[in-house]
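Please look over the assembly shown below, with its sequence alongside, before reading on. The paragraphs that follow take up its chains and their contacts in turn.

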Amino acid sequence: MDPDTTLPVLLMAAWLVPLASFVLIVLFGKYMGPRGIGAGYLSVLAIVTSAIFSLIAMFGVWLPNHDFPAAHESEHSSSTHDGAVVSATDESHSKDSHSNNPHPDYYTGDWYSLGEFGTLKLTIGYYIDSLTVAMFCMVSVIASCVHIYALGYMHDELHEQFVDHEVTLSSGEHLHRKGRFYRFFQYLSLFCFSMFGIVIAGNVAMVFVFWELVGICSYFLIGFYIERHSASTAANKAFIVNRIGDFGMLIGMMALWSSVGTFAFGDMKNEKGEVEQGLFSLLRPEESEYQLAPPAGMIAEQKRMFAGDPNASAGDAATPAIDPKRNTQGQWLLFIAGVGIFCGCVGKSAQFPLHVWLPDAMEGPTPVSALVHSATMVAAGVYLVGRFYPCFSPEALLVIAYVGCITLFIAATIAITATDIKRVLAYSTVSQLGYMMLSLGLGGWVAGMFHLITHAFFKGLLFLCSGSVIHAVHTNDMTFMGGLRKKMPITAYTMLVGCLAIIGAGFPLSVYGLSGYYSKDAIIEQAWSFGSVNPQHAILKWAPVAGAFITAFYMFRLWYMTFAGQPSDPHRYDHAHESPRVMTGPLIVLAAFAIGIGWPIFHVNDLLEQGRPVGTLSATHGELLTNLTIPSEHDSHVPLIKIPAGIAAFCTALAGVLLASIIYLWRLLNPDELKESFKPLYGFLWNKWYFDELYNYLFVKPTLIVSHCAAWFDRNIIDSILHTSAAICKACSKVVDALFDQTVVDGTVNTLASGTWGLGLWLRKIQTGSLRQYVMFIVIGTVALFVTISIVQAYFIPTS
Amino acid sequence: MDSIYWPTFFFYLFSGLACAFAVAVLLSSNIVRMAFYLVLSLGATAGLMFLAGAEFVGAMQLLIYVGGTLVLLIFGVMLTSQERFVVMKTWAGDWVKAFLAGGALLFILAYAAFSIPEWRGIERTEADAIVAQPTVTPIAMGLLGARTDDPSRAGYLLPFEIVSVHLLVVLIGAAYLARAKRSRSSIEKI
Amino acid sequence: MTLSDPKVYLSLLVFLPAVAALVLAVLPRLADESYKLISLAVTIFVFILTLGFFRSGAPIDFEAGVAEMQNLFNVDWIPSFGIQYFMAMDGISFPLVVLTAFLSVLAMGASWPITKHVKGYCILFLLLETGMLGVFMALDFFLFYVFWEVMLLPMYFLIGVWGGPRREYAAIKFFLYTLVGSVLMLIAILMLYFNSDLTRLDAQQLADAGIVSVEKGGDAAQSFEKWKESDLPLAQRYAEITKEADLTQRKQLHTFNILALQQMGQHTDLFDGEALWGKSTQWWAFLLLFIGFVIKVPSVPLHTWLPDAHVEAPTPISMILAGILLKMGGYGLIRICYPICPNAGYQMAYFVCFVGVLSMVYGAFAALAQKDFKRMVAYSSVSHMGYVVLGLGVWSAVADTGYNPDYWKMGANGAMFQMIAHGISSAGMFFMVGVIYDRVHHRDLDKFGGLFAKMPLYSGLAVGIFFAGLGLPGLCGFIGEVFVVLSVWKYSYALAIISAAVVILTAGYILWAIQRVYLGAEYKGPHGEAITPITMRELSIAVPLLVLAIVFGVYPTALLNYMQPSVDMQIDRLAVWTEEHDNRATASNPLGSQDGQVADAWQR
Amino acid sequence: MFNFPLANLLSEPVGVAHYVTVGAILFICGALCMATKRNALGVLMGIELVLNGANLNFVAFGSQYLRNDGHSLGLDGQLMALFVIVLAAAEAAVALAIALNFYNNHDSIDVDRADQLRG
């Protein structure tokens, strides 16, 4: 099959089927069987269809037409397809093929345009490379599992009378309402559509469109229990925090748009057959050997910007703000664009400092947490960083790395003290996303993307397992669980698989391990590789190792508290039961993926390597920070780095598991005593580093205050100016009226009388009748008299 | 350094007492204690008057004021001092406003007092030379209409008469006002 | 006199409601219901007439993709002052005309709960429609002003009689504000009129101004000659004046023709003379017109009539007010201010943009603080219309960019799109507030809650329309906002960043309002028993709005096809003007600065 | 010997200014008493303090020993002070009578309750 024509069609079909399902459920969801059970089946059908299309695209079209790069050193075999793409010819980079990777194969095009202004175009289009296809498969497979699981999990919503125990009405009863089964699946379908939209997007504007759409789906899904105030607040928080990120993204987009004039990722031919260059080839032109080089528009724009004058003439020489010795032309703008786009990713992927929304988002039903808030949507931020990777300058990458590093550490520490099972997993998600960002920021493109895929499977699995537990014991609090291993073995052991995968369990220095083993080790290797060439950033080398230790600790703490030991709440324990097969089935499937997806025989790594953006393999140096070097990813595989990094990762993870076992399994140390002895630290972590409080005082309150000021200003200043001028007008017109209509004397007398009357009325207000106030008036009057006299004396009476 | 000029020492002593008890009157919320502090403050003021060379006025201060007026006041306190009126708290806002205004006035007055050089007081040498003149006789003569200090000026007979009559009228009025009423309503209330 | 004559068709379109109002006035007493039905029928008929423009190939149609004025006609009205009955439509006004007709139908449909003096209400409503349609079609400044005022009075009464408890206050506030605006506008009109001179335009320019009619493919110069010979009053006066050979002795031929004034503003120096305090005629005209229009938009700090008027006005009038009246300000800016006074616009571009950004930020903040549902929506209008002012003000075709007007086009198109989108979403929002107000008779945001459970269909539609206001992709609000915001950076990155920050605030106040009104476990306010599901009538008003919001959000080209050519042409002209202006400036003075020119003048 | 500014505080005679300041303090204490006390008798006491402060001023101005230019009021000051003392006595009697009357009528001594004269 010809990939050029079939891939877009297949993926578009996979993309649009959930939309169709959404539209059908919106219009007819109510009528699909009792409480809309048919909507669930329709939605499952849609996503499974998507999955089938995606898998066909992967195994039927992509893999047969594209060879894996045999080895790193080998030259790129020139691509055989003749698509709309201008595939790179090999002459230009064959001479330094070691440092420069080949052009990835991609297919891009536009479906339709949102608006065209001269050469500017905002379009809806596609950009398909191996990463796109891999993401499609990952998203659709996980989404299918979650949809099926949700059929069981959301079973309560099928009842005519759903009792929401978390909502207490003013009458003191719990809320009774009709089930909303179909609505849940309606949102899920819309979400799948939007998520696929991000993945397939052919330009940044389209990414932004679907970025907002997944945001709103997330809003609906977090706030699915609309009656719960906590849920709707969490939904608002999620959306608004994401909007803050989007604000940054808009700035990045503006910087790009006004300097480069296009949003498209790849090159495409227009109707006239000319090639319109996309962002990637504009920013990494062939002439500079695919290294980042700001185009002329960007250099001019930066000059204009630093000149500060919007009408500054282009003919000016370099402005004084730029040091002529260094080649920073356009680099600042590039940096702004990169960091701006990254801001969007910070919001969506819940990175520090915008990570606060994700834990609260756990108010949504568990399948949502599994699909939206761990496997796919939050990973979209990482995906966008990966997609936009060629356009990040080394300095922007360093920012990304530091943000990732801070995030992974903060989130991991908070997860240590959390007792809500879903919140532990949420913080773990934040932490893992931090790993991915770190990896990308350090130049580990494949490592980051690889972790994105493996993490999606095992974190989805972990969430679904936690959902299964919650379904059984009706609480999120781990302190009420314990010993559930015997009651629900499938859940317990699949979750154990997930835990092992996330800590990266495997035989060190071998090729045997669970999926997390491969991706996590790759990240740590990349970090060490980076640390070895940039000793000034050593913290980026050690943070992931420390993170690995904490990860292992809290994941096994979670497992032990839930499944091992003695049941702490016998009542709940007695009622617990293994979940139905519709729920355990997806668990087993995902567990299989969590074990095996990273195995070299499945070539996920090689598939991603195919999609590596051109020019990103070679080591690059910063232009603004001249001592910054982003190492080539292949340098991390040299034994000098790989062996110590692998051992460090293994040992720390093992240590974490051991510590967790000592405290929570063997109970050699009493956790409560530990809590007491580290009380300040525990309190700090328990309160999540006080981020919520801090933001409340720093941002939310001031915003509200400013808004009240604005409203006050409106009512009291602008309006009173208005009223005063109206009153003056009225008074003036009255005076004129009196002068003209009546005799002058009468008018004067009347004015005087009314003036006296008015004065009297006004003075009346002073007559409060309160003795004490009068005394105050006397005192104040005396003071005023003194002051007046001294002023008069000082300024108005000439000194003789 | 010169030796201590004792009148100054006593001035500071008495003025300190007077001010301190005046402030105590202000700050105390218990009406009984206030009355007590007031007595002390007024007594100390009498001392200041003695120091200023007005011994007759000082004596009158002690006799009429401390001895008479304040006893009247204390009667008033006793007549009305039911449990709920002994301590009446003032609102904090009132305190703040009052202190702001009072502070401003005090600043202005003190500033004005010290900004006039003639008011700064006499030199030590002059002070040591002072021989105190008794004032009782001049006052008594003045009240009778004859000035001993400056015969060309008139005495104070007329004001004295006016004050006397005024005092009489006032006392009658006070007695009239203060007489116990037996209105119907108050009987019904009981 | 057939319908295929634009003269007849457009006049019918504009004056049909007024005629119907007259008929209603003289009709004997009918049942209230029948007044409403008749009015509804009239508005629907007017809407059908506007739909007639979409029949391509018919004698009267509006072609997509054409930039010039279509269906143009002019008839002398008061020849001694050169006042004409002059109407036409182009891509800028046509969508607004359709929107007006469309919203009038919906607003009339939303008027059913009105029970007080129904006859008067219907008459005033129809008069209002005539005024609105006329403003968008009139191309003679005098005619424009007449329609502008015609629209004002019915609005005053509609608010003042059928409004809420503080209706008199709101109505007089609205009236005074708007009147101040119109008075300033009148001064500007007269300033422009007395400085205008038709004899300074050449044949092509007269043809562009619609004074000399040129056959398709005909030559402008020939038509001009023919026109001079004709017995049209204007042509005769033209001939009479041009008989005087001495240019210094020649009288001026004043005109109210907006298109001709545009030509003069862009190609002659008629408006460059000093008027007051060292500023030129066009500087003052621009300022006065700008204030007049910006009151209507409204922009901070001239916006305070809007919240009061909206809060007090009945639901349908709020819809009209937000959906159409606010657009007249933006329409005036793009049709009159910029093309007629390009130099002033160039000088004051930053001021205009700043006003826009200020409104966006201020409106959003103020909306966040409101407790009254309708007030919140009103402030959101202030914020959203700020995008329009900003987008129209972005004068980014400068020397620095090689006079490339692409970003400017994007901004102006975004602003125009935002006008239409806001017309849909804000009308929808006000209607949605009205629906719930009709049931519970209060608008206190803190006393709602749980409506989703009681009125699921209504809540779903309302949330959809509110999201359109929030600027969610896939709904109409997004396109305009994103076009405007993206185009601003090229002009000023500081303004761009501030305007981008507004998206956060917008999300804040809309989501917060949704949470307080629709979500939650139970309804907290009075009259809870009156909450009944949405009726068919309400549904048939809400659904078209939401559908349009989705259509324009997903496929904006549907609208841009009609709008963009005209907007682009205007921007192109202004870009050309800018380049010529800069060249003139550098030619007359190598320093190219304003001070240099003054110095030159002194030396002479 | 000592360069301490207050060293000769006690060795120098005081002047009118000092008396006036003390008088001002008493006056202000009295005024504030009137402004803050809710008890009518407290207000009365404030009045007494105010009168006293004024009195002290009269005495000070009347004294020959306190001004360095010799222009004292002389006997007039003392006589004024005397009259003030007498008037204060009269005032106290009347005010007390009013207070008692108020107490009898209102069952309260709180001056805040006496606001019938409100405008």
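Where in chain B does UniProt place the feature "transmembrane region"? The unreviewed entry puts this feature at residues 6-27, 34-53, 59-79, 91-114 and 156-178 of chain B. The model shown here is a predicted one, and two of these annotated spans can be set beside its computed geometry. Residues 34-53 of chain B are 90% helix and 0% strand, with the end C-alpha atoms lying 29 Å apart, while residues 91-114 of chain B are 96% helix and 0% strand, with their end C-alpha atoms 34 Å apart.

Chain C contains 24 helices and four strands. Its radius of gyration is 24 Å, close to the 25 Å that the globule rule gives for 604 residues, and chain C is therefore as compact as a globular protein of that length. Taken along the principal axes, the C-alpha atoms of chain C fill a box of roughly 85 × 60 × 45 Å, and 59% of the 604 residues of the chain count as buried. Among the contacts in chain C that link residues at least 6 apart in sequence, 78% join residues at least 24 apart.

Within chain C, strand β1 (residues 70-78) pairs with β2(C) in the antiparallel sense, over six bridges. C:Ile78 has C:Ile83 as its bridge partner in β2(C), and the hairpin formed by β1(C) and β2(C) has four residues between the strands, with C:Gly82 taking a positive phi near 70°. Strand β2 (residues 83-89) of chain C has six of its seven residues buried, and it is therefore largely enclosed by the rest of the structure. In a regular strand, side chains alternate between the two faces of the sheet.

It remains to ask how the chains meet. Which of the four pairs of chains in contact shares the most contacts? That pair is chains B and D. By contrast, chain B and chain C do not touch, their nearest C-alpha atoms being 29 Å apart, and chain C and chain D do not touch either, with 30 Å between their nearest C-alpha atoms.

Note on methods. Residues numbered from 1 in each chain as written. Chains lettered and ligands numbered in written order. Predicted model: local features only at pLDDT ≥ 70, side-chain atom pairs only at ≥ 80, totals over all residues. Contact = placed C-beta atoms within 7 Å. UniProt positions renumbered as here; feature names shortened; annotations may be inferred. Helix = DSSP H or I, 4+ residues; strand = E, 2+ residues; numbered from the N terminus. Buried ≥ 20, exposed ≤ 12 C-beta atoms within 10 Å, placed from the backbone. Pairing = 2+ DSSP bridges. Rg over C-alpha atoms; globule rule 2.2 N^0.38 Å.
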